[in-house]
Amino acid sequence: MIYSILTPISKRLRNRSNALLAAVIGLVAMAALVSCATVNLNELSGPATQPSADDAQSRQTRSPASLLVRKFEPRYETNISLLQYEQADEYLRVTAPSEIGVPVLLSTRYAQTEHMPILVQGDGRDFSTRRFVDWGFISFAADFDKHVHILEGRFANPAKPGDPFIEAVMTTEKLDEIGAKVGDHLILVYRHLGRDPEPIEVKIVGSWSPLDPKDVYWFYEPPYFNEGLMVPEETYIDVILPSWREIGYEYTWYTVYNAGESDIDAINTGISQIRADLAAIFGEVKIHVWPPDILTQSEERSNSQ
């Protein structure tokens, strides 16, 4: 594999603010998020940051708006397995839309690792000569290539088990911030509790920016992805997740529905079923509805009948 043993260093998760879901008139969005783990490095420390449900309101301007299904379990022993991921992916992309019962306008999925230290420069794999520059994570978003410009270089090719490094793209803003460029090899340092740190070598093959930052596709505000080393879905699913179950921080499924006032009751019925079905896969999940009065409207209708 692309990993080896490093001199022990501790872990942290850098505290960052996340911006959430976008929505437009007559759209309902659904996302499922699953997470694990925190990280530390040397004397640096900080609390793990989860996307706030309240932050979603910054992207919500009209109703009905979005449905957000979340699960955060920052403990290694509860992180999901590849089988659970595949079960949830099949359910949320194929079965869940029928539970909601309204047409799908857009569907995507997303995953990211925990934050890890980024090392740059240095002499080959002599990590003592490398320099810590920031924190970052490995991530993928389905249909990413349809929604971004490649400003320099190209999109990353899928990795296979046994490759000496994986390919990724980063935003130009982040590359400039850490003093790296297209063509550079970066090292992300991963350490699972109770094990020595391991390097993940990543070659940056392109820089990117969003085609339309206001596109409903961006379930997070695009600047959130500045810290991401974006890889193909195959790289994440075939190389990252099977090799390091504990490395996952978040898994997201996001679906936009064409819904109107008449669909409110059906949406709430669907939410209840989705909650139960996801609980069978993941355990307890949290579901947030924007605007919050969608549920109230359904209850008022029931009480008036």
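**A friendly note on the largest pocket and its surroundings**

1. The largest pocket is lined by 16 residues, and F144, D145, V231, P232 and E233 are the ones nearest its centre. A pocket here is an open set of points on a 1 Å grid over the protein atoms alone, where a 1.4 Å probe fits, with protein on both sides within 12 Å along at least five of seven lines; lining residues have an atom within 4 Å of a point. Please keep in mind that this is a predicted model, in which local features need pLDDT of at least 70, side-chain atom pairs count only at pLDDT 80 or more, and totals for chains, interfaces and linings use all residues. Residues are numbered from 1 along each chain as its sequence is written, and side-chain values use heavy atoms, with hydrogens and water left out.

2. How much space lies in the largest pocket? About 260 Å³, where a volume is the space filled by probe spheres set on the grid points, which are joined across faces, edges and corners. Its lining has eleven nonpolar, five charged and no polar residues. For these classes, Ala, Val, Leu, Ile, Met, Phe, Trp, Tyr, Cys and Pro count as nonpolar, Asp, Glu, Lys and Arg as charged, and the others, Gly among them, as polar. Strand β5 and helix α3 each supply at least two of the lining residues.

3. Now look at the whole chain, which has five helices and twelve strands. These are DSSP runs numbered from the N terminus: helices are H or I with at least four residues, strands E with at least two. Of the 305 residues, 54% count as buried, meaning under 20% relative accessible area, with exposed over 50% and partly exposed in between (1.4 Å probe, protein chains only).

4. Helix α3 spans residues 233–243, and its buried residues are T235, Y236, I237, V239, I240 and L241. Their cover includes α1, β3, β5, β7 and β11.

5. Strand β7 is where you will find A168, which is buried at 0% relative accessible area. Beyond its neighbours within four places in sequence, A168 is in contact (heavy atoms within 4.5 Å) with residues including A156, V202, I204, L229 and V231. A168 and A156 are twelve residues apart in sequence, and their C-alpha atoms are 5.1 Å apart.

6. The structure holds 20 aromatic pairs. Y85 and Y251 form a tilted one, with 5.7 Å from centre to centre and 55 degrees between the planes. Rings of Phe, Tyr and Trp (its six-membered ring) pair if their centres lie within 6.5 Å; planes under 30 degrees apart are stacked, over 60 edge-to-face and the rest tilted. This pair links distant parts of the chain, as Y85 in helix α1 and Y251 in strand β11 are 166 residues apart.

7. One aromatic cluster is formed by Y110, F137, F144, W208, Y217, W218, F219, Y220, Y224, F225 and Y254. W218 is also among the contacts of P210, a residue of strand β9.

8. Finally, which residue has a positive phi although it is not a glycine? D143 does, at about 60 degrees. D143 lies in the loop between β5 and β6 and counts as partly exposed, at 32% relative accessibility.
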